[in-house]
Amino acid sequence: MRLEWTSDLETGIESIDDDHKLIIEFHNRILHYHRSEADILMLERALSDFNFLFSLHFLKEENFMIEIGYPDFESHAKEHETMIKLLNAYSEAETDKNELCQKIAFLVLQWLTSHLEGADRRLAAFAKHPLPGVERQNQGAKAYF
Ligand SMILES: [Fe+2]
């Protein structure tokens, strides 16, 4: 199933939302390989780019969490780690192109409905309204977002 970006997916943090839009685009690109003439090597190459995109996005979010002194850093970062592990595990274990496309598509859909709707929303809410007394640890580090 192709995914479409809708406003109810917005966190309100532009850079995070831009990355999430890109992830949805990549997801749809991966789906394009399903039942297409593309071979498994082409899909694996696309998945490698997808994995890189996720890793970069997660790193940006984690740096941002550190910058703002986010109290739920550990559990949020653990969800990122689990996603990368699953992406790698599926890519390594599945040799059937169409099966792999379906598994990755389902994984991303799950990620959207659980991580984005849960952990990312909580992070965005905290970033907009940090707890009293919590100050950004590095006021100069604005480059992440
Ligand atoms: Fe996240």
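The model you are looking at is a predicted one. Its protein chain holds four helices and zero strands, giving the pattern α-α-α-α when read along the sequence.

- Which residues of α1 are buried? They are Ile16, His20, Ile23, Phe26, His27 and Ile30.
- Looking down the axis of α1, you will find these buried residues within an arc of 115°, so they line one face of the helix.
- An α-helix has 3.6 residues a turn, so residues three or four places apart point the same way.
- The other side of α1 carries Glu14, Asp18 and Arg29, which are exposed.
- As for partners, the buried residues of α1 pack against α2 and α4.

**The segment before α1**

- Glu4 sits in the segment that precedes α1.
- Is Glu4 buried or exposed? Glu4 counts as exposed because it has 8 C-beta neighbours inside 10 Å, where 12 or fewer is the cut-off for that class.

**α2 with α3**

- The axes of α2 and α3 cross at roughly 175° and come within 11 Å.
- The two helices, α2 and α3, are therefore roughly antiparallel to each other, since angles over 145 degrees fall in that class.
- On the α2 side, the contact is made by Glu44, Leu47, Asn51, Phe54, Ser55, Phe58, Glu62, Met65 and Ile66.
- On the α3 side, Phe73, His76, Ala77, His80, Met83, Ile84, Leu87, Asn88 and Ser91 take part.
- By class, the residues of this α2 with α3 contact are ten nonpolar, six polar and two charged.

**α3 with α4**

- Helix α3 (residues 73-93) packs with α4 at an angle of about 175°, and the axes are 11 Å apart.
- That angle means α3 and α4 are therefore roughly antiparallel to each other.
- From α3, the residues that meet α4 are His76, Glu79, Met83, Leu86, Leu87 and Tyr90.
- Their counterparts in α4 are Leu100, Lys103, Ile104, Leu107, Trp111, His115, Ala119 and Leu123.
- The contact of α3 with α4 divides into ten nonpolar, two polar and two charged residues.

**α2 with α4**

- What is the angle between α2 and α4? Helix α2 (residues 40-68) and helix α4 (residues 97-128) pack at about 10°, with axes 13 Å apart.
- That makes α2 roughly parallel to α4.
- Here Ile40, Leu43, Leu47, Met65 and Ile68 in α2 meet Lys97, Leu100, Cys101, Ile104, Leu123 and Ala127 in α4.
- The class count for the contact of α2 with α4 is ten nonpolar residues, no polar ones and one charged.

**The chain as a whole**

- Of the 145 residues in the protein chain, 17% are buried.
- Among contacts with a separation of 6 or more, 75% join residues 24 or more positions apart.

Notes: Residues are numbered from 1 along each chain as its sequence is written. This is a predicted model: local features need pLDDT of at least 70, side-chain atom pairs count only at pLDDT 80 or more; totals for chains, interfaces and linings use all residues. Axes are lines fitted to C-alpha atoms, for helices over the stretch in contact, and angles run from 0 to 180 degrees between N-to-C directions. Angles under 35 degrees count as roughly parallel, over 145 as roughly antiparallel, 65 to 115 as roughly perpendicular and the rest as oblique. Two residues are in contact if their C-beta atoms, placed from the backbone, lie within 7 Å. Ala, Val, Leu, Ile, Met, Phe, Trp, Tyr, Cys and Pro count as nonpolar, Asp, Glu, Lys and Arg as charged, and the others, Gly among them, as polar. A residue is buried if 20 or more other C-beta atoms lie within 10 Å of its own, exposed if 12 or fewer, and partly exposed in between; C-beta atoms are placed from the backbone. The arc is that of the directions from the helix axis to the C-beta atoms.
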